[in-house]
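Here is a briefing on one protein model. Please look at the sequence and the structure first, then read on.

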Amino acid sequence: MRHVIADLDASRIREVANAGLGRSDVLAFWFGESDEPTPAPVCQAAIRSIEAGEVFYAHNLGLPELREAQAAYISSLHPAVSAERVAITSSGVSALMLAQQLLVDAGDEVVAVVPVWPNLTAQPAILGARVKRVSLHPHEGAWQLDLDELLAAITPATRVLIVNSPNNPTGWTLTHAEIGQILAHCRRTGTWIVSDEVYERLYFADAAAAAPSFLDLAEPDDRLLVVHSFSKSFLMTGWRLGSLVVPPRLMEHLGKLIEFNTSCAPVFVQRAGLAALAAAPDAVPALRARLRHCRDTLVGALRELPRVELAMPPGAMYAFLRVDGEADSLALAKRLVHEHGLGLAPGVAFGAEGEGWLRWCFASKQPERLLQGVDRLAAALRL
């Protein structure tokens, strides 16, 4: 076995979740998914596809009609993107790995903005890259980017910059001004940008339809790959469907990589994706409104607890909180599960920068469950 694989850390989120498996009394907020099921029209589209016998291989880059529909959807939120730049992938995480495989050689330098979902930094490490971490900084619970620090870390030796905005776990979101400066700097250094924008529709800071994106400012030939997913905004986490937007010159090579990874996304899953995109104009704003209510409910209740520090996240689906006097997030998360039936993700799961924090997924179809969880946290902290 390769040493880099043997040395990979197992998921700390799974470690906590495994401690609560089989317990019906646990309020689980540890995974990054809503507890709402996939809407019926999306499921029915997949069923019809299976019944029609669509259970064979498809084009490496996805069904032409889904590529067209995804391009149209992206173009409704950002400057026009052609279908020739869109590839359909077997999940957002597969899209992220494909992006790294396209760009990274062993020994390359990769810069990542952290704390972040651990897959984003593990993927280039698996390929033998050296990952340089640039941390967001918390101020009164809100995580902020020191743009000068980030730009100083990106040099002509930097092959790839990885950024996730809106960010998992903090909710931090790039501004258009920051995106413009990062893009201009990476053009000068020749650095590729891999932008994980899977939470772009779960953005609550203003009335915008989506969070600021690199696609808003980039040219088609820029060294930019943007990752999207059907998981979060369409309630399709278990379906494993995502997409990549890439410069035209990479598409042929991306098709080869998909062949050697998964060959293609299942046709019936792609049919479900088409149904999700058709429903998006009504379904996504409604979901975002529900999640905004969940966010406001949870953060408002947590702010009433005297030892708890957090800020209102502008994007994504997580409250990232710190409890005064609790420095070991994994130990605290396990204690909350074992003794109080409350399932949260330990901040250390997102890197050392998140140690001492907890991530709480507020995507709940029953906001009262969030308040029950707050009561359990208060009892655990003896407040």
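Valine 110 stands opposite valine 160 in strand β7. Strands β3 and β7 run parallel and are joined by four bridges. The model is predicted: local features need pLDDT of at least 70, side-chain atom pairs count only at pLDDT 80 or more, and totals for chains, interfaces and linings use all residues. Residues are numbered from 1 along each chain as its sequence is written, and side-chain values use heavy atoms, with hydrogens and water left out.

**Terms for strands and helices**

- Helices (H or I, at least four residues) and strands (E, at least two) are DSSP runs, numbered from the N terminus.
- Two strands pair if DSSP finds at least two bridges between them.
- Strands of a sheet pair through backbone hydrogen bonds, either parallel or antiparallel.

**The seven-stranded sheet**

- Seven strands form an open sheet with mixed pairing, in the order β2-β10-β9-β8-β7-β3-β4.
- The edges are β2 (86–89) and β4 (130–135); each has a single partner strand, so one side of each is left without a neighbour in the sheet.
- From one strand to the next, the twist averages 20°.
- Angles run from 0 to 180 degrees between N-to-C directions, and axes are lines fitted to C-alpha atoms, for helices over the stretch in contact.
- Strand β3 (residues 109–114) pairs with β4 in the parallel sense, over six bridges.
- Valine 111 faces lysine 132 of β4 across this pairing.
- Strand β7 (residues 158–164) has six of its seven residues buried (under 20% relative accessible area; exposed is over 50%, partly exposed in between; 1.4 Å probe, protein chains only).
- β7 also runs parallel to strand β8 (residues 192–196), and five bridges join the two.
- Asparagine 164 has aspartate 196 in β8 as its bridge partner.
- Helix α4 (residues 64–77) lies across β2, β9 and β10 (242–245), and runs at about 115° to β2.

**Serine 229**

- Serine 229 sits in strand β9 (residues 224–229).
- Its relative accessibility is 13%, so serine 229 counts as buried.
- A polar atom of the serine 229 side chain lies 2.9 Å from the backbone nitrogen of serine 231.
- Residues up to four places away in sequence aside, serine 229 touches Gly92, Val198, Leu241 and Gly242; contact means heavy atoms within 4.5 Å.

**The four-stranded sheet**

- A second open sheet has four strands in the order β11-β12-β15-β14, with antiparallel pairing.
- β11 (308–309) and β14 (345–346) are the edge strands; each has a single partner strand, so one side of each is left without a neighbour in the sheet.
- Two bridges pair β14 with strand β15 (residues 357–361) in the antiparallel sense.
- Alanine 345 has arginine 359 in β15 as its bridge partner.
- Helix α12 (residues 367–380) packs on this sheet and touches β11, β12 (318–323) and β15.
- The direction of α12 makes about 155° with that of β15.

**Glycine 32**

- Glycine 32 is in the loop between β1 (27–28) and α3.
- Glycine 32 is buried, because its relative accessible area is 18%.
- Beyond its neighbours within four places in sequence, glycine 32 contacts Lys232, Thr237, Met317, Tyr318, Arg359 and Cys361.
- Proline 79 is 47 residues from glycine 32 along the chain, and their C-alpha atoms are separated by 29 Å.

**Helix packing**

- A crossing is left-handed if the near helix is turned anticlockwise from the far one by less than a right angle, and right-handed if clockwise.
- Helix α3 (residues 40–51) packs with helix α10 (residues 267–302) at an angle of about 145°, with axes 8 Å apart.
- The crossing of α3 and α10 is right-handed.
- From α3, the contact uses Pro41, Val42, Ala45, Ala46, Ser49 and Ile50; from α10, Val267, Phe268, Arg271, Ala272, Ala275 and Ala276.
- That contact of α3 with α10 has ten nonpolar, one polar and one charged residues.
- In this classing, Ala, Val, Leu, Ile, Met, Phe, Trp, Tyr, Cys and Pro count as nonpolar, Asp, Glu, Lys and Arg as charged, and the others, Gly among them, as polar.
- Helix α5 (residues 92–103) and helix α6 (residues 119–126) cross at roughly 35°, and their axes come within 9 Å.
- The α5 and α6 crossing is right-handed.
- Val93, Leu96, Met97 and Gln100 of α5 meet Asn119, Leu120, Gln123, Pro124 and Ile126 of α6.
- The contact of α5 with α6 has six nonpolar, three polar and no charged residues.

Methods: A polar contact is a pair of N or O atoms within 3.5 Å; within protein, one must be able to donate a hydrogen and the other to accept it, and residues adjacent in sequence count only if both atoms are side-chain atoms.
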